[in-house]
Amino acid sequence: MARNAEKAMTTLARWRAAQVQEAGGQRERRPYLASECNDLPQAEKWRLQIVREIAKKVAQIQNAGLGEFRIRDLNDEINKLMREKRHWEVQIKALGGPDHARVGPKMLDQDGKEVPGNRGYKYFGAAKDLPGVRELFEQEPPAAPRRTRADLMRDVDADYYGYRDDDDGLLLPLEKEAEEHAISRAVDEWKRNKEENTDQDLPEEENIYPEDPNDRRIEDETISEPTVTSHVAVPSQKDVEEALLRRKKQELLERYGCLDVKMEES
């Protein structure tokens, strides 16, 4: 088995050497600068080669068991190849070829999301989970928008100040019931205190509110309108009309009487 593998590798080496010899005796290398290539098919060839290298290294960097240093090196190499690919795309466009930067697909991760990065430097695969990288791209929750005075005043209406709270007819019965309970508790407490004071032979409290036989208290809820007694004679409509008529006659007499006196003097 080992002998067969060695024969296969020797055959492959001979075939590769023959290809290199046909190409000119040496292996063709990619130009260091994209601007040195003035042939459009050659530029497309080198760009495609770079794309294949990027795909190979992106597949390698998905393995988190490579170690932190190897993952960082792979990520740097991928970013270097990405910059070189952009240079070749600019040169291809300058030579009259297609604009790959505009029509080409975006770099996506394994989840289908765009590769995160900062200022052109991207992180691929396991590099996104390296120490210091995850915290770099964790977005803080947006702060709550600050409400202005105008926004606050939009919520201020009649209900805010408690107007129309009694219009539904629910609050008044509850207030009446609470008031009755409060009065009954106060009366019970007063009676209890009075009984305790009686057991201790304390002097009886003086009633500072003597009963008035003419006092008429309102027992029911309905409050009648108070009757107003007027001690001045109120003129009727006829009396008012007669008074206005006499005043009008007096004004006419004074006006025309003065005119007659002036005419006689003249």
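Which residues make a nonpolar surface patch of about 430 Å²? Tyr160, Tyr161 and Tyr163 make this patch.

## The model

This is a predicted model: local features need pLDDT of at least 70, side-chain atom pairs count only at pLDDT 80 or more, and totals for chains, interfaces and linings use all residues. Residues are numbered from 1 along each chain as its sequence is written, and side-chain values use heavy atoms, with hydrogens and water left out.

## Overall layout

The protein chain has eight helices and two strands. Helices (H or I, at least four residues) and strands (E, at least two) are DSSP runs, numbered from the N terminus. Along the sequence, the pattern reads α-α-α-α-β-β-α-α-α-α.

The protein chain has 266 residues, and 14% of them count as buried. Buried means under 20% relative accessible area, exposed means over 50%, and partly exposed lies in between (1.4 Å probe, protein chains only). Accessible areas come from the Shrake-Rupley method with a 1.4 Å probe; for residues, only the protein chains shown count as cover.

## Surface patches

Patches are made of residues with over 30% relative accessible area and no salt bridge. Like charges are joined within 9 Å, and nonpolar side chains (Val, Leu, Ile, Met, Phe, Trp, Tyr) within 5 Å. Tyr161 has a relative accessible area of 56%, so it is exposed.

Glu179 belongs to helix 7 (residues 171–199). Glu179 is exposed because its relative accessible area is 52%.

## Salt bridges

Side chains of opposite charge can pair when their charged atoms come close. A salt bridge is a side-chain nitrogen of Lys or Arg within 4 Å of a carboxyl oxygen of Asp or Glu. The whole structure holds ten salt bridges. One of them joins the side chains of Arg47 and Glu89 (3.3 Å, N to O). This pair links distant parts of the chain: Arg47 is in helix 2 (residues 40–60) and Glu89 in helix 3 (residues 68–94), 42 residues apart. Both Arg47 and Glu89 are buried.

Arg147 and Asp155 also meet through their side chains in a salt bridge (2.8 Å, N to O). Arg147 has 48% relative accessibility, so it counts as partly exposed. Asp155 is partly exposed, at 48% relative accessibility. Arg154 bridges to Asp151, with the closest N and O atoms 2.2 Å apart. Arg154 and Asp151 are separated by about one helical turn because they lie three residues apart in helix 6 (residues 149–154). Arg154 is exposed at 61% relative accessibility, whereas Asp151 is partly exposed at 25%. Elsewhere, salt bridges that share partners join Arg30, Glu53 and Glu84 into one network.

## An aromatic pair

How many aromatic pairs does a search of the whole structure find? The search finds one. Tyr121 and Tyr123 form this pair, which is edge-to-face, at 5.1 Å centre to centre and 70° between the planes. Rings of Phe, Tyr and Trp (its six-membered ring) pair if their centres lie within 6.5 Å; planes under 30 degrees apart count as stacked, over 60 as edge-to-face and the rest as tilted. Tyr121 is partly exposed, at 26% relative accessibility. Tyr123 is buried, with a relative accessible area of 17%.
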